[in-house]
Amino acid sequence: MFDLIAQTFNASLIAVTQLFLSSVISSNPWFETLELEYSGIKHEIVCDTKLANSFTETLDAVLLSGENITLHFKFELFAAGDATPLQTKEVVNGFRFDKEAEVFYLVNSESREIERFFTVEAAKDTYITVTQLVIVNTEGLSGDSEYFVRVTAFLDPIKLDDMGESVNLMLRWASVKPTIVSEKFKLEARAT
């Protein structure tokens, strides 16, 4: 008897999970901007970037679930003609909605500061944006070589309380990691 109840429950859970996943409306996010600044004095490259077309009703519902939702930004510096990155940096933006307080919390793995927002629009805008992030240390790089930066974003899967299995949030992004590649550039000559 117990086995029959367990099988029925498992079949119901699988049906609900498939129904949830089949009703997913996906978007095709892309990077709206990629701005790089080089500082020869500080020996660094600073980046500003922002995703566009990132949200759908289903992803908004997940954001409002109260679970921690993490968005990764991966920055890679390449020498022109080389397939292996010279430097890599990854930053994670965390998003959580407190249903009781009706407050949105964001945390960035770089600054580790917790920001509070009272509207979902402001929270989402900050969530998909990276500003004034040092992504590359240029000491030891040649001023004669050409370089480029590639930025990729992706969402971690989450486990919702009412579902037994993890939910792949990348399905909301048509399972594609948005990517942008900068134009090739040379580092400015250093002052002697």
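Start with His43. At 22% relative accessibility, His43 is partly exposed, a class that runs between buried (under 20% relative accessible area) and exposed (over 50%), using a 1.4 Å probe and protein chains only. It sits in the loop between strand 1 (30-39) and strand 2 (44-52). Check the backbone: phi of His43 is near 60°, a positive value in a residue other than glycine.

A word on the source. This is a predicted model, where local features need pLDDT of at least 70, side-chain atom pairs count only at pLDDT 80 or more, and totals for chains, interfaces and linings use all residues. Residues are numbered from 1 along each chain as its sequence is written, and side-chain values use heavy atoms, with hydrogens and water left out.

Next, select Asn53. This residue lies in the loop between strand 2 and helix 2 (57-63). Asn53 is not a glycine, yet its phi is positive, at about 55°. Its relative accessible area is 45%, so Asn53 is partly exposed.

Now zoom out and colour by secondary structure. The protein chain has 3 helices and 10 strands. These are DSSP runs numbered from the N terminus: helices are H or I with at least four residues, strands are E with at least two. From the N terminus, the order is α-β-β-α-β-β-β-β-α-β-β-β-β. Of the 192 residues in the protein chain, 37% are buried.

Go to helix 3, residues 120-127. Which of its residues are buried? They are Ala123, Lys124 and Tyr127. These residues cover an arc of only 95° around the axis, which puts them on the same side of helix 3. The arc is taken from the directions from the helix axis to the C-beta atoms. An α-helix has 3.6 residues a turn, so residues three or four places apart point the same way.

The charged end of Lys124 sits over the ring of Phe55, 4.5 Å from its centre. Here, a charge counts if NZ of Lys or CZ of Arg is within 6 Å of the ring centre and within 35 degrees of the ring normal. For another case, select Lys177 and Phe154: Lys177 lies over the face of Phe154, at 4.6 Å from the ring centre.

Now select Phe95, Phe97, Phe104 and Tyr127. Together they form one aromatic cluster. Rings of Phe, Tyr and Trp (its six-membered ring) pair if their centres lie within 6.5 Å; planes under 30 degrees apart are stacked, over 60 edge-to-face, and the rest tilted. The count comes to 6 aromatic pairs. For Phe95 and Phe104, the centres are 5.9 Å apart and the planes at 55°, so the pair is tilted. Phe95 is buried at 1% relative accessible area, and Phe104 is buried at 6%. The rings of Phe95 and Tyr127 have centres 5.2 Å apart and planes at 65°, so this pair is edge-to-face. Phe95 lies in strand 4 (residues 87-98) and Tyr127 in helix 3, so the pair ties together parts 32 residues apart in sequence.

Last stop: the largest nonpolar core. Of its 42 residues, Ile69, Leu71, Phe75, Tyr127 and Leu155 touch the most other members. Such a core is a set of buried Ala, Val, Leu, Ile, Met, Phe, Trp, Tyr and Cys residues joined through side-chain atoms within 4.5 Å.
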